[in-house]
Amino acid sequence: MTAPMLPADPPRFRLFDEPSPLHPWPRLSDALGGRAEIWAKREDLLPLAFGGNKLRNLEFLVGAAIAEGADSLVTSGRRWSNHCRLTAAAGARAGLAVHLVLSGPPAPRPGPGIRTAELMGATIHQLPTDDRSARDDAVERVVADLLATDRRPYRIGVGGSGVLGAYGQVLGATEMFDQAVERGLHVDAIVLPSATGGTQAGLIVGAALRSPQSTVSGVLVARPADELGPVILDLAGTLAARMGVALPPEAVRLDASQLGGGYGRPTAAGGEAAGLLARTEGVLVDPIYTAKACAGLVGAVRAGRHDGQTVVFWHAGGTPGLFETLEP
Ligand SMILES: Cc1ncc(COP(=O)(O)O)c(C=O)c1O
């Protein structure tokens with residue numbers, strides 16, 4: 001099927017050519033009692049810099065940057081941010097300089113996020129605290145310094161999660177539903193990790209376009225439901241209106257059971273789900289995003305919430321997070 005487009009037809013800088021695979025996970029399904037048929041959308045296997053879902057956002061953000069004549073990308077996140085690592089990769093591919101403002105506190109030694117971003121040529125601006133307004137101020141300073149030296153920076157918000165970035169996720173969802181049709185599958189539910197909400201908003205709109213009965217459940221890994229829910233609804237609503245599609249009732253489903261001590265703090269349930277997945281399917285998930293989402297899926301299947309259903313686990317990537325030093 002042809003890809004649905006925003007009316008304005010946004011410029012796109014291609015970062016990958018092939019769909020990410022849609023794989024069955026039969027041994028995980030069996031280990032959970034065969035109550036649900038579990039599949040995985042392997043966004044972690046997208047081809048650049050250990051893969052990850054954020055490459056989809058970056059195709060349109062880098063496309064916009066190039067269309068505006070930018071020569072550098074500026075974005076921000078925590079030191080383990082997959083969005084930041086992949087911005088470094090996308091900038092390298094596009095020949096754009098990349099500046100990453102990373103909030104702290106810094107790890108005792110640079111972890112894989114920083115090391116790989118530097119390897120790809122990014123300049124790191126590491127802050128001592130995780131204060132959000134300090135991070136925003138630092139981004140302003142980096143942009144101002146670049147402008148003062150006649151550079152042309154393009155600023156990308158945290159997680160690349162505005163309308164343009166989330167549009168990339170709409171295409172991820174439609175790609176998966178097309179793969180499901182080819183395999184004769186009816187997808188009842190998608191389960192994904194949700195942090196800034198852009199991925200979930202895009203998948204909601206993609207599902208509304210291709211399979212309005214399918215549910216999209218975000219397992220919260222960073223912000224509580226009362227904060228993130230309205231953000232996702234607003235973003236999905238904007239995208240849906242621009243694409244001329246109606247959202248189903250209860251479009252935004254959130255699972256708050258896996259937040260634990262908060263963003264970047266591993267949980268016992270995440271560790272258990274990661275071990276179960278690794279032992280049954282030989283697939284790895286990271287403690288910050290995908291292990292918590294996997295724990296949400298495992299908990300929901302065990303509780304009977306997906307009985308008889310075909311469920312797609314959105315493996316959003318993040319695998320280098322396995323090697324970060326995290327606070328317990
Ligand atoms: C591996 C992984 N999963 C999930 C997410 C959450 O996506 P979003 O910020 O769009 O909610 C991220 C965000 O960076 C991520 O890197």
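Analyst: Start with a definition: the expected span of a helix is 1.5 Å times one less than its number of residues. H7 has 13 residues and should therefore span 18 Å, and its end C-alpha atoms are 19 Å apart, which agrees. Keep in mind that this is a predicted model.

User: Is H7 mostly covered or mostly exposed?
Analyst: Mostly covered, since 12 of the 13 residues of H7 are buried. Among them are Gly 198, Thr 199, Ile 204 and Arg 210.

User: What do the buried residues of H7 pack against?
Analyst: They pack against H2, H6, E7, strand E8 (215-220) and helix H8 (225-243).

User: Pick Ile 204. Which residues is it in contact with, leaving aside its neighbours within four places in sequence?
Analyst: Ile 204 is in contact with Val 216, Ala 236, Leu 247, Ala 251 and Val 252. Ile 204 also belongs to the largest nonpolar core, where it is listed with Ile 190, Val 191 and Cys 294 as having the most contacts inside.

User: How many residues does that core have?
Analyst: The core has 91 residues. It draws at least three residues from each of domain 1 (22-52 + 161-323) and domain 2 (54-160). As background, nonpolar side chains tend to be buried together in soluble globular proteins.

User: How far apart are the C-alpha centres of the two domains?
Analyst: The centres of domain 1 and domain 2 lie 25 Å apart. The contact between them takes 23 residues from domain 1 and 24 residues from domain 2. On the domain 1 side, helix H6 (residues 163-182) gives the most, with 7 residues. By class, that side of domain 1 has 10 nonpolar, 13 polar and no charged residues.

User: Now the ligand. How many residues surround it, and which are the closest?
Analyst: There are 20 residues around the ligand, and the closest are Asn 82, Thr 196, Thr 199, Ala 316 and Gly 318. Helix H3 (82-94), strand E7 (189-194) and helix H7 (198-210) each give two or more residues to this shell. H7 provides the largest share, 3 residues.

User: What classes of residue are in the shell?
Analyst: The shell around the ligand has 4 nonpolar, 15 polar and 1 charged residues. At least three shell residues come from each of domain 1 and domain 2.

User: Where is Glu 250, and is it buried or exposed?
Analyst: Glu 250 lies in the loop between H8 and strand E9 (253-255). Glu 250 is exposed, with 7 other C-beta atoms within 10 Å.

User: And Phe 50, where is that?
Analyst: Phe 50 is in the loop between strand E2 (37-42) and H2. With 19 C-beta neighbours inside 10 Å, Phe 50 counts as partly exposed.

Note on methods
Residues numbered from 1 in each chain as written. Predicted model: local features only at pLDDT ≥ 70, side-chain atom pairs only at ≥ 80, totals over all residues. Near = placed C-beta within 6 Å. Helix = DSSP H or I, 4+ residues; strand = E, 2+ residues; numbered from the N terminus. Nonpolar A, V, L, I, M, F, W, Y, C, P; charged D, E, K, R; others polar. Domains from an automatic or database assignment. Core = buried A, V, L, I, M, F, W, Y, C linked by C-beta atoms within 7 Å. Buried ≥ 20, exposed ≤ 12 C-beta atoms within 10 Å, placed from the backbone. Contact = placed C-beta atoms within 7 Å.
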